[in-house]
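Thank you all for coming.

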Amino acid sequence: DPGMSVVVTRSGDPPRVPLERIAKLVATLAPSLIRDRTGEGLDVKDKRFKPYSRGYMLAKTAAGRNAGVNLTVTNGLVGSVAAVSVVVTEQGFTIVIAPGAGTSAAVRFVGGVAKNTGERSPTHSVLGAIHHYGRGRMPARPWLALSPKDMESLMRQLLDAGIAIPLRGRS
């Protein structure tokens with residue numbers, strides 16, 4: 001399944017705050033940062049997503065929807081992003097963040113109206129990979145990782161929570 005990991009290792013003096021507490025807070029904050037940024041139409045480099053195809057964009061706007069790309073027609077995919085695994089060791093912690101295994105209603109834009117087809121979309125994890133890496137004519141729209149601004153926000157929120165320790169992280 002596609003997903004991303006937040007890996008944090010200690011550097012310098014041991015933290016004054018237990019790593020379990022830090023990991024729990026990061027596991028809560030990181031998915032919401034990804035959901036919020038994606039909902040704003042920004043990729044993992046804080047750039048606008050590649051646009052939808054002309055036909056899809058016209059159908060979407062005819063249905064009264066914003067033509068911007070934010071991967072949230074039903075909000076099932078983006079809304080399902082969560083921390084699915086947290087592993088804490090003496091050296092640091094790893095958090096795996098991924099879309100859920102569920103599915104959303106398949107939606108088509110017909111005659112200016114978004115209609116539920118009665119079918120289900122691929123699982124959110126598969127749909128997430130399709131959007132992230134692209135497929136066929138659909139361009140890659142990388143979304144499932146912490147962007148530079150997400151990392152800044154995460155560090156700021158950790159500081160606000162009284163957690164000021166030297167960390168090295170990657171997503």
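Let me begin with a term: a residue is called buried when its relative accessible area is under 20%, exposed when that area is over 50%, and partly exposed in between, computed with a 1.4 Å probe and protein chains only. What we are looking at is a predicted model, in which local features need a pLDDT of at least 70 and side-chain atom pairs count only at pLDDT 80 or more, while totals for chains, interfaces and linings use all residues. Residues are numbered from 1 along each chain as its sequence is written, and side-chain values use heavy atoms, with hydrogens and water left out.

First, the chain as a whole. Helices here are DSSP runs of H or I with at least four residues, strands are runs of E with at least two, and both are numbered from the N terminus. On that basis the chain has 5 helices and 6 strands, and along the sequence they come in the pattern β-α-α-α-β-β-β-β-α-α-β. Of the 171 residues in the chain, 38% are buried.

Let us turn to the helices, starting with α1. The buried residues of α1 include Leu 19, Ile 22, Val 26, Pro 31 and Arg 37. Just after α1 comes Gly 41, with a positive phi of about 85°.

Helix α5, residues 148-160, has 13 residues and reaches 18 Å from its first C-alpha to its last, close to the expected 18 Å. Which of its residues are buried? They are Asp 150, Ser 153, Leu 154 and Leu 158. These four lie on the same side of α5, because they cover an arc of only 140° around the axis, where the arc is that of the directions from the helix axis to the C-beta atoms. On the other side of α5 we find Lys 149, Glu 152, Leu 159 and Asp 160, which are exposed. The buried residues of α5 pack against α1, residues 19-39. After α5 comes Gly 162, which has a positive phi near 85°.

Now to the loops. Most residues other than glycine have a negative phi. Asp 46, in the loop between α1 and α2, is not a glycine, yet has a positive phi of about 65°, and at 17% relative accessibility it counts as buried. Leu 71, in the loop between α2 and α3, likewise has a positive phi, of about 60°, although it is not a glycine; Leu 71 is buried, with a relative accessible area of 7%.

In the loop between α2 (54-62) and α3 (76-79) we also find Gly 68, which counts as partly exposed at 33% relative accessibility. What does Gly 68 contact, leaving aside its neighbours within four places in sequence? The answer is Tyr 52 and Lys 60, and the C-alpha atoms of Gly 68 and Tyr 52, although 16 residues apart along the chain, are separated by 7.8 Å.

In strand β2, residues 82-88, I would point out Ser 85, which is partly exposed, with a relative accessible area of 27%. Not counting residues up to four places away in sequence, Ser 85 touches Thr 94, Ile 95 and Val 96.

Finally, the largest pocket. On a 1 Å grid over the protein atoms alone, a pocket is an open set of points where a 1.4 Å probe fits, with protein on both sides within 12 Å along at least five of seven lines, and lining residues have an atom within 4 Å of a point. The largest pocket holds about 870 Å³ of space, a volume being the space filled by probe spheres set on the points, which are joined across faces, edges and corners. Of the 29 residues that line the largest pocket, Tyr 56, Val 107, Leu 127, His 131 and Met 138 are the closest to its centre. Strand β4 gives the most to this lining, with 5 residues.

Technical notes. The expected span of a helix is 1.5 Å times one less than its number of residues. Contact means heavy atoms within 4.5 Å.
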